[in-house]
Amino acid sequence: MSSLRCATPKLRNYFRDKYIPQICEALLCGLLVTCPDDPLRYLEQMIKIIIKNGLENLLWDMCIDPALKPRLRRLSETYLEQLFGLDDQLVTPELMVKACTFYTGHLVKSHFGGWKEVAIPRANQEAIMAEKMNRAIEHYNSRCLKSFFIHWFSYVKTTRERLVVSLLRLREMFYTQRQKLILSRWKEKARQRSKSREDDLILKHELQLRKWKYKLSRSKAVEEKPVSPEQSASDAALPAVPVEFDIAALPDQAIMQIFSYLSFRETITCGQVNRSWMAMTHRGFLWSAIDFSTSKNIADKCVVTTLQKWRLTVLRLNFRGCLFRTKTLKAVSHCKNLQELNLSDCQSLTDESMRHISEGCPGVLYLNLSNTAITNRTMRLLPRYFHNLQNLSLAYCRKFTDKGLQYLNLGNGCHKLIYLDLSGCTQVLVEKCSRISTVVFIGSPHISDCAFKALSSCNLKKIRFEGNKRITDACFKYIDKNYPGINHIYMVDCRALTDSSLKSLSVLKQLAVLNLTNCVRISDAGLRQFLDGPASVRLRELNLTNCTLLGDNSIVRLSERCPNLHYLSLRNCDHLTDMAIEFITSMLSLISIDLSGTLITNEGLSTLSRHRRLRELSLSECINITDLGIRSYCRTSLHLEHLDVSFCTHLTDEIIKTVAIFCTRITSLNIAGCPKITDVGLEALSAKCHYLHILDISGCVLLTDQILQDLQIGCKQLRILKMRYCRSISVAAAHRMSAVVQHQEYSSGNPPRWFGYDSEGNPLAEPHSRMPVRNYSELIVKEAFSSDEESPDSNVK
C-alpha cells in the first residue's frame, strides 16, 4: 500500500475520521498472531465484532485471542499512521534511539545512586548525627515553648475574663447604687410633693370649713333675728312688686326638662294657672309618657279624659299599683300608638280589660302584668294581637297554667319575644318560645333541671335563678351545646351547685356576667377549672358573695386569666387575706370591688391604694380596719365615688375628714353602724362633698339635728338619706329633711343588740349575731320617683 502523504486532505481526513488505520492495525495484528486457516472468514468475523463494539472502543489487540495476547507495553498508538502518512510529526528512528538512551540512563542513575548511598557508608556520619541532634533539640525546645505559650495564653485569657467580669460587676454596682440614689431622691421629692399637696388640701379644707361655719352662723343669725313691729308694718305697707318673667318664652327643650320633674297631678294643676301655662302643659311632648303611679286619689273621669285627649301622642303608660275601675282601664284602648304599658300590681285588672286593651293597642312592645289576676284567657289574647311584643313580665301571676303559656306560640304568636319574667310563677314551665333570650325565675323554688331541657330550643342570652334548691350540676352539663351564646348567668342562692357546674361553664366564650351569690359549695378547685377555659377572657362581672370556701389561690388565678374584669364581689369570703390584695392590685381593669366581711387589714388597704382606677369600694364589717387604713387608701383615690365602711366600729371622725379632703367626688357613703362618728365629721363632709347623692348614717347614735341642717345647705344633690336608730335626731328634724330628699328612712329607737354596741356607743360584752331586722313601723319613708328606674321592679322588664 502506497503512502497517502501526497493524497488530498479530504481523503486523509476521511481515513482519520473512519478509523481506517486502527482497523487495519487490529486486523493485521490478529492475522499475524492468530494465523487462521481461513483468513477471509476470520477477517469477516473480526469486522463484525469491531462494528458491534463500536469504532470508539477499538484497540490494536482486539482481534487477538486473550490467551495469545502479548504482554508488551505499547509505545505508541499505532504504527500504521506512519505508514499511511496521517501523523503530522513523525517519530524518526534517531529520535526513538535518543529517547531510549535517555530513559535507560535515567534508570541507571537513579538506581545506582540509591545503591551507592546504601552500600557505601558516608564519611561525615558524625556531622550528620550532630545535625540531627541539633534539629531534634530545636524541635523539643519549640514544643516546650509552644506548651508554655499555650498555658500562658490560657492564664492571660482567664485573667482577662475575670477582669472583664469584675469590671462589669463594678459597673453594675455603680449603676445600681446610682439608681438607688436617684430613686431615693425622687422618692423623697415625691413624698415632699405629696406632703405639700396634702397640706394644701388640708389648708384649703380648713379655709373652706371656716367659710362654711361662718356662712352657717350667718344663716342661723338671720333665722333667729327678731322682727320688730315697725319693720313688719313697713314691710306690709310696701306693695309687692311682681317679678316679670314669662316661662313660655323658654325653648321647648327647656320647658320639657322643667315639666318632666312634675307628676301627673302637678302637671294638671299647672295647666290651671292661666292660659299661658295651659298652653305649655298642652304641648304634645309632655304627654308621650304618663305616669299615674306617682299620684294618688285621681278621679277615674280625669284619667279617661286625659287618655282620650292624648290618645295619639301617648307612647308609655304606667298604672303600677293603681286602683282604678275596670272601665277606666278600658280607656287605654284609645291609645293606638302605645308602646309601653305597665299594669303591675293593678288588682282591678281583669281579662275583660285586657281584651279591650289588646284590641286597641296592637303596637305594644313592653308589657308588665306582674302581680295581677290574669288567667289563661289573657294569655290567649297576647299572641292574637301583640305580634310585636318583645318584653313580657308575668311575675307572681299565679292564675295561669302551662297551657296558658303555650298560647304564646299559637297563630302568628309572640315570635319577637326576647324577655320573659316568670318570677314566682311556680305553676308553669317554659316551652315552645324559641325567640326568648332572657328568662327570670325568682321565687320559683319548684323549678328543676327539667326547665333547662324545656328551654333548649330557645336562643337564651340571659338566665336568672334565685332561691332555688332543685337546680343541680346536671342543668349545666350540655350548656355549651344548647346555649352557646349565653352571656349573663345569675344563679343566686342555688346551694346545690358545685365545682362541676363551673367546669361546665368554662367553655362559654360569650360569658360576660356570672353571679354565684350564696353558692356555698364552690371552692378554689372549681373556680380554677372555670378560669382555665375561654369563658374567663370576656368575663366583665363576677359575684362570689358568701362563697366561703374560696381563698387566696382563686384571686391569684383571677389576676392571671381575667383581663376585662370590671366588677368583683368577694363579700364574706373570710379566707381571703392581705396576700390576695397584692394580686387584686394588678387587675387594672377593676373599677368596683366588694371586700366586706373579709380579714383585710390596714396593710391590705395600703397595698390596695396602688390601684388608682377603683371607683367603688365596700369594706363593710371589716373589723380589722381603722382610721389609718382608710386614710392611706383615700390619699391616692381622688376619683372614688362609692365607699361603704358600715359596721367598722373602730372608725372615727378622722375617716370622714379624710374623705372630705381627698375624695370630693364621692356620691355614695355608707357609715352605718359606726358609733364614734359625730357632728364634726359630718360638718366637714357637708362643706366639701357637694356631689353626695346617697348617705347612710344608721346607728350613728352621736349625731344630732345639726347635721341635717348642714346636709341641707351643703349637699344640695342628696337624694337618699338613711338614719335609722339615730336616737339623738328628733322626729321634727327628720320630717323637715324628708321634704328635701327623695327617699328617707328614719327611726329614733336604740340600736339593736346585733349592732354590737349600746345606745351610748359603748361596745357590748356579748354582742348578738348580726341578723338585721327591719321594723317598718318605725320608719319615715318618702319616695318621690317619677320613673320606674328607681322602683323595686326597675330591673324587671
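**Briefing: loops, strands and cores**

Asn546 sits in the loop that joins strand S11 (541-543) to helix H20 (552-561). Helices (H or I, at least four residues) and strands (E, at least two) are DSSP runs, numbered from the N terminus. This is a predicted model, in which local features need pLDDT of at least 70 and side-chain atom pairs count only at pLDDT 80 or more, while totals for chains, interfaces and linings use all residues. Residues are numbered from 1 along each chain as its sequence is written, and side-chain values use heavy atoms, with hydrogens and water left out.

**Positive phi in two asparagines**

- Most residues other than glycine have a negative phi.
- Asn546 has a positive phi, near 65°, and is partly exposed at a relative accessible area of 21%.
- Buried means under 20% relative accessible area, exposed means over 50%, and partly exposed is in between (1.4 Å probe, protein chains only).
- Asn371, in the loop between strand S4 (366-368) and helix H14 (376-385), has a positive phi of about 60°.
- Asn371 is partly exposed, with a relative accessible area of 34%.

**Ser523 in its loop**

- Ser523 lies between strand S10 (513-515) and helix H19 (524-531), in the loop, and counts as buried at 16% relative accessibility.
- Its side chain makes a polar contact with the side chain of Asp499 (2.5 Å).
- A polar contact is a pair of N or O atoms within 3.5 Å; within protein, one must be able to donate a hydrogen and the other to accept it, and residues adjacent in sequence count only if both atoms are side-chain atoms.
- Leaving aside neighbours within four places in sequence, Ser523 is in contact (heavy atoms within 4.5 Å) with Asp499, Leu549 and Leu550.

- All five of the five residues of S7 (residues 438-442) are buried, so the strand is largely enclosed by the rest of the structure.
- Thr438, Val440 and Ile442 point one way from S7, and Val439 and Phe441 the other way.
- Two strands pair if DSSP finds at least two bridges between them.
- S7 pairs in the parallel sense with strand S6 (residues 419-421) over three bridges, with Asp421 opposite Val440.
- S7 also pairs in the parallel sense with strand S8 (residues 462-466), over five bridges, and Phe465 is the bridge partner of Phe441.

**Nonpolar cores**

- A nonpolar core is a set of buried Ala, Val, Leu, Ile, Met, Phe, Trp, Tyr and Cys residues joined through side-chain atoms within 4.5 Å.
- The largest has 149 residues, and Phe292, Leu317, Phe319 and Ile671 have the most contacts inside it.
- Helix H24 (residues 653-662) gives the largest share of this core, five residues.
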